[in-house]
Amino acid sequence: MGPLVAQDIIGSEWNFLIALLIGICFGFVLEQAGFSSSKKLAGVFYGYDFVVLRVFFTAAITAMVGLIFFDYLEIIDMSLVYINPTFLWSTLVGGVIMGVGFILGGFCPGTGVCAAAIGKIDAWFFIGGIFIGIFIFAEGYELLFESLHLGQTDPESYKEGSRYIQIFNSLGISRNIFAFGMIIMALVAFIVTARIEKGVKKPNY
Amino acid sequence: MDKRYIIPATVLVILGAIILFLPPKDNTKTELTADQLYLDIIESTRFISTDEIADMIIKRDPSIQLIDVRSAEEYAKYALPGALNIPLNEILDDKWEAYLDQEARTNVFYSNGSLRADQAWILCRRRGFVNNTIMVGGLNSWVEDILKPQKPADTEGEQEWEIYSFRVAASQYFLGGNQVQTSDVPTAAPVVKRKKKMVQGGC
Amino acid sequence: MERSKKYMNPYLAGFLLGLVLLSAFYFTGRGLGASGAIKSTIVQAVDVVAPEHAQESHFYGKYVNKDDSPIKAWLVFEVLGVFIGGMISGAIMGRFKWKIEHSPKITSKTRLVAATIGGILFGLGSQLGRGCTSGSALSGMAVLSLGGFLSMMAIFGTGYVMAYIFRKLWI
């Protein structure tokens, strides 16, 4: 039963090989989808190309459905799977900063690496920027970011033990109903965005 | 809309509908079923005799950890050397989990008789913990067998006499000033099981 | 339409990406990531150049003293893989070319400055948000983490709000 490495079912010496292989597949798919082009990525914000939304949602839903079935069939032990913790303000402020970074830079870190691999010089600058950004964060950590990052400004209900909360819990519905709802929402979004795309003139890229 | 998307979209909706009817997830997977628990209860290896315990204490065997499941007051009055006090009413507390759910040592539960130790054992076993055992007869047997051993009849076999001489030696060991150790023996920090370690986060 | 043929169907690509993500969960118990690799590199570099500073800092200190550095190195290998994978795909499709891609309305220099600032913001934000689009939003959504959904909404919501201001960069 998975996850394999976390339970020492396969040795940690395989860990890095798996990392490399998964990374290669990840990079390959991103490039194939056209995520190595910042203009294609930015299209989602201007309505001329919704490839980001399509790939992103299809991937999230595929993995979500897969994990639910893996969990049901006991192929994977979900108690060992990492659930991203929720630090309310830290996540929101970080997300907003990343949003501005996205519209300015045209990449996110993963796609930036992918674009750099096929020779996009702007992607190399973007990656350089990430280095600078993380360095600024690290150096200014105590002074500026620590209390926000550690969630000291979060409402009480998020503090004690509920960091690993899942969205269906906070909405008060069951996981399965939420998953079904998400599938329907994604399908609707796919249809709607396809309509929008038709009406927006594509810039040449 | 493009016709070629109809089939994948339908498949997705069907999968979603199946998910809708999956049973809600139970978080009790590590807990044992009644059948499994029964099979473990009738297994005699979950018991350790007072003689074996006495021997291991004298030899300072590091592979066992005695756990006194009686109340704190009883523990304060008298306890076996090196024993840790986890009262039965606290056995489900999270703070003891690292001691009870581990693979490094064998825990030996004891109470006055066998009853509370057995209850503690069953509660732990049901939670999926291994490496826990019970001292048969508890402290009552301990006093009778180890501290006040009865001389066997002259007609008894050699084996009985061997046990007796061990018990006499043991009783001298335990009554001969070693009693001070009861509660101030430091118990080593529990080795937290690696397996349960949560995976560290991604990006 | 000719142009978009060169790229994979987005739904197929998304499905494949989902499978990659799923296998990452199956093998390692966590999703994909990207910015974490850069963080590990920086932490390692600072630890080598200024070990005392690294020890004292609350940020570096969290990472340098732990013996879980292989876990962090995992992401470095994964991102190395992303680079190789991107290269393979680019080579197959004949897309490898040194160039600066930008809208005709802006100069290359403007594009590079915008990309760098964007990178800085992304680097900063990914640390606050505990992961970037892949680590926090995508992987987080797959495990239905509340944080993942918040992250996704904050990133794309802000993108839409800011899109009008920065429209010159793109259209």
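1. Helix axes are lines fitted to C-alpha atoms, and the angle between two of them is taken between their N-to-C directions. Two packed helices are described by the angle between their axes and the distance between the axes. The notes below apply this to a predicted model.

2. Helix H4 of chain A, residues 88–105, packs against helix H9 of chain C, residues 146–163, at an angle of about 40°, and their axes lie 7 Å apart. H4(A) is therefore oblique to H9(C). The crossing of H4(A) past H9(C) is right-handed.

3. Which residues of H4(A) and H9(C) meet? On the H4(A) side they include A:Leu88, A:Leu92, A:Gly95, A:Gly99 and A:Ile103. On the H9(C) side, C:Gly147, C:Leu150, C:Ala154, C:Gly159 and C:Met162 are among them. By class, the residues of this contact between H4(A) and H9(C) are 13 nonpolar, seven polar and no charged.

4. H9(C) also meets helix H2 of chain A, residues 38–46; the axes of H2(A) and H9(C) come within 8 Å and cross at roughly 80°. Angles of 65 to 115 degrees count as roughly perpendicular, and H2(A) and H9(C) are therefore roughly perpendicular to each other. In H2(A), A:Val44, A:Phe45 and A:Tyr46 take part, and they meet C:Phe156, C:Gly159, C:Tyr160 and C:Ala163 in H9(C). This contact of H2(A) with H9(C) has six nonpolar residues, one polar residue and no charged residues.

5. A further pair lies within chain B. The axes of helix H7 (residues 138–147) and helix H8 (residues 158–175) of chain B come within 8 Å, crossing at roughly 115°. H7(B) is therefore roughly perpendicular to H8(B). From H7(B), B:Trp142, B:Asp145, B:Ile146 and B:Leu147 meet residues of H8(B), including B:Arg167 and B:Phe174. The contact of H7(B) with H8(B) comprises six nonpolar, one polar and two charged residues.

6. How many cavities of 30 Å³ or more does a search of the whole structure find? The search finds three. The largest cavity holds about 150 Å³ of space. Its lining has 15 residues, and the closest to its centre are A:Phe35, A:Phe56, A:Cys108, A:Thr111 and C:Thr133.

7. Helices of two chains contribute to the lining of the largest cavity: H1 (15–33), H3 (51–72) and H5 (109–117) of chain A and H8 (133–142) of chain C each supply at least two residues. H8(C) gives the most, with three residues. The lining of the largest cavity divides into 11 nonpolar, four polar and no charged residues.

Technical notes: Residues are numbered from 1 along each chain as its sequence is written. Chains are lettered from A and ligands numbered from 1 in the order in which they are written. This is a predicted model: local features need pLDDT of at least 70, side-chain atom pairs count only at pLDDT 80 or more; totals for chains, interfaces and linings use all residues. Side-chain values use heavy atoms; hydrogens and water are left out. Axes are lines fitted to C-alpha atoms, for helices over the stretch in contact, and angles run from 0 to 180 degrees between N-to-C directions. Helices (H or I, at least four residues) and strands (E, at least two) are DSSP runs, numbered from the N terminus. Angles under 35 degrees count as roughly parallel, over 145 as roughly antiparallel, 65 to 115 as roughly perpendicular and the rest as oblique. A crossing is left-handed if the near helix is turned anticlockwise from the far one by less than a right angle, and right-handed if clockwise. Contact means heavy atoms within 4.5 Å. Ala, Val, Leu, Ile, Met, Phe, Trp, Tyr, Cys and Pro count as nonpolar, Asp, Glu, Lys and Arg as charged, and the others, Gly among them, as polar. On a 1 Å grid over the protein atoms alone, a cavity is a set of points where a 1.4 Å probe fits but cannot get out, and a pocket is an open set with protein on both sides within 12 Å along at least five of seven lines; lining residues have an atom within 4 Å of a point. Grid points are joined across faces, edges and corners, and a volume is the space filled by probe spheres set on the points.
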